[in-house]
Amino acid sequence: MKSLTFCSLFAATLFAELLFQTGHATAAMVTYADLASWSANVSGITTEKIPDPSPNTFVDFGQGDASHSYGSLTFSQSTSVNDQDSFLSLYNIGPLASGVPAVISAQNSSPGSTPEAVNILIEFSGPVHGFALNFGTFLGYDVTFTLSNGNSFTQSSTASDYTLLDFVGVTDDVAFTSVLLQSTELEAVLNINNISFATTFAPVPEPSTMVLAGMGGLGLAIAAHRRRTRLAA
């Protein structure tokens, strides 16, 4: 009886600890350095590629406050971000102009004047729990990402033309409907493409959690076996 009671208590303790750890595993915004890691932690993924504007080399969506939609995403820029002026321009830059896949590009069309908060707001068609994209700036400036739920972070970029060398992925257990990208420097150019978003946050269990679950299951199995043995006797 003592062995049975000990095993039952051991299993119950492990199960309670498992519930505690699992309940705290997703309570944060998490960033990812590659698409595979991000994809493993979400489900319901949709990817929108920026379409090639050929036969045009680029499409100008306008200066100042401007926006355009592709698929289920709306891209826009605003002069109200940090009280910027109308020198900001929003484009689709195509491969005939750049030699690489098309990008959404926010640019300061009056370089060398004053630092401009080049910005791109990505609006999703509904609440999401994650997004991923490729991004870059001409001169390697930092980019700040602000989610509509209030969470934000800043990530450095690699200096390049329209070849986007940087990736960012994010998951958050608190849903959000948009993300604002900002980079504030002279002659700033901010580019993005390959935007993915996910409606469900489904993290892969941590190894320690999986081991704990296995130990709890083993304890329950031992207790059940000993109970059957005693009843048979």
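Visitor: Where is Pro 55 found in this structure?

Guide: In this predicted model, Pro 55 is found in the loop between strand β2, which covers residues 42–48, and strand β3, which covers 58–63.

Visitor: What kind of peptide bond joins Ser 54 and Pro 55?

Guide: The bond joining Ser 54 and Pro 55 is a cis peptide bond, and its omega is about 10 degrees.

Visitor: How do you know whether Ser 105 is buried or exposed?

Guide: The relative accessibility of Ser 105 is 0%, and a residue is called buried when this value is under 20%, so Ser 105 counts as buried. Ser 105 is found in strand β7, which runs over residues 103–108.

Visitor: Which residues does Ser 105 touch, not counting those up to four places away in sequence?

Guide: With those set aside, Ser 105 touches Ser 89, Leu 90, Tyr 91, Ile 93, Tyr 162, Val 189, Leu 190 and Asn 191. As for Val 189, this residue is 84 residues apart from Ser 105 along the chain, while the C-alpha atoms of the two are separated by 6.9 Å.

Visitor: What makes the link between the side chains of Ser 105 and Asn 191 a polar contact?

Guide: A polar contact requires a pair of N or O atoms within 3.5 Å, and the side chains of Ser 105 and Asn 191 are joined by such a contact at 2.6 Å.

Visitor: Why is Ser 160 called buried?

Guide: Ser 160 has 13% relative accessibility and therefore counts as buried, since the limit is under 20%. Ser 160 lies in the loop between β10, residues 152–155, and β11, where a polar atom of the Ser 160 side chain lies 2.7 Å from the backbone oxygen of Thr 163. Leaving out residues up to four places away in sequence, Ser 160 touches Thr 137, Phe 138 and Leu 165.

Visitor: Why does Thr 200 count as partly exposed?

Guide: The relative accessibility of Thr 200 is 37%, and partly exposed is the name for values between the buried limit of under 20% and the exposed limit of over 50%, so Thr 200 counts as partly exposed. Thr 200 lies in strand β12 and, apart from neighbours within four places in sequence, is in contact with Val 42, Ser 43 and His 129.

Visitor: What can be said of the phi of Asn 194?

Guide: Asn 194 has a positive phi of about 50 degrees, although this residue is not a glycine. The place of Asn 194 is in strand β12, and because the relative accessibility of Asn 194 is 27%, this residue counts as partly exposed.

Visitor: What makes the ring pair of Phe 61 and Tyr 70 edge-to-face?

Guide: A pair of aromatic rings is described by the distance of the centres and the angle of the planes. Rings pair if their centres lie within 6.5 Å, and planes over 60 degrees apart count as edge-to-face; the centres of Phe 61 and Tyr 70 are 6.3 Å apart and their planes are at 65 degrees, so this pair is edge-to-face. Phe 61 is buried, with a relative accessible area of 16%, and Tyr 70 counts as buried at 15%.

Visitor: How many aromatic pairs are there by this rule?

Guide: The count comes to 10 aromatic pairs. Ring pairs also link Phe 124, Phe 131, Phe 135, Phe 145, Phe 153, Phe 176 and Phe 197 into a cluster.

Visitor: Which residues have the most contacts inside the largest nonpolar core?

Guide: They are Phe 75, Ile 122, Phe 131, Phe 145 and Ile 192, in a core of 33 residues. Strands β4, β5, β7, β8, β9, β11 and β12 each supply at least two residues of this core, and β8 gives the most, with 8 residues. Another core, of 7 residues, lies apart from this one, and among its residues are Tyr 32, Phe 167, Ala 198 and Phe 201.

Visitor: How many helices and strands does the protein have?

Guide: The secondary structure comes to 4 helices and 12 strands, and buried residues make up 41% of the 233 residues in the protein.

Methods: Residues numbered from 1 in each chain as written. Predicted model: local features only at pLDDT ≥ 70, side-chain atom pairs only at ≥ 80, totals over all residues. Heavy atoms only, no water. Buried < 20%, exposed > 50% of the residue type's maximum accessible area, 1.4 Å probe, protein only. Contact = heavy atoms within 4.5 Å. Polar contact = N/O pair within 3.5 Å; in protein donor to acceptor, adjacent residues only side chain to side chain. Core = buried A, V, L, I, M, F, W, Y, C linked by side-chain atoms within 4.5 Å. Phe/Tyr/Trp six-rings, centres within 6.5 Å; stacked < 30°, edge-to-face > 60°.
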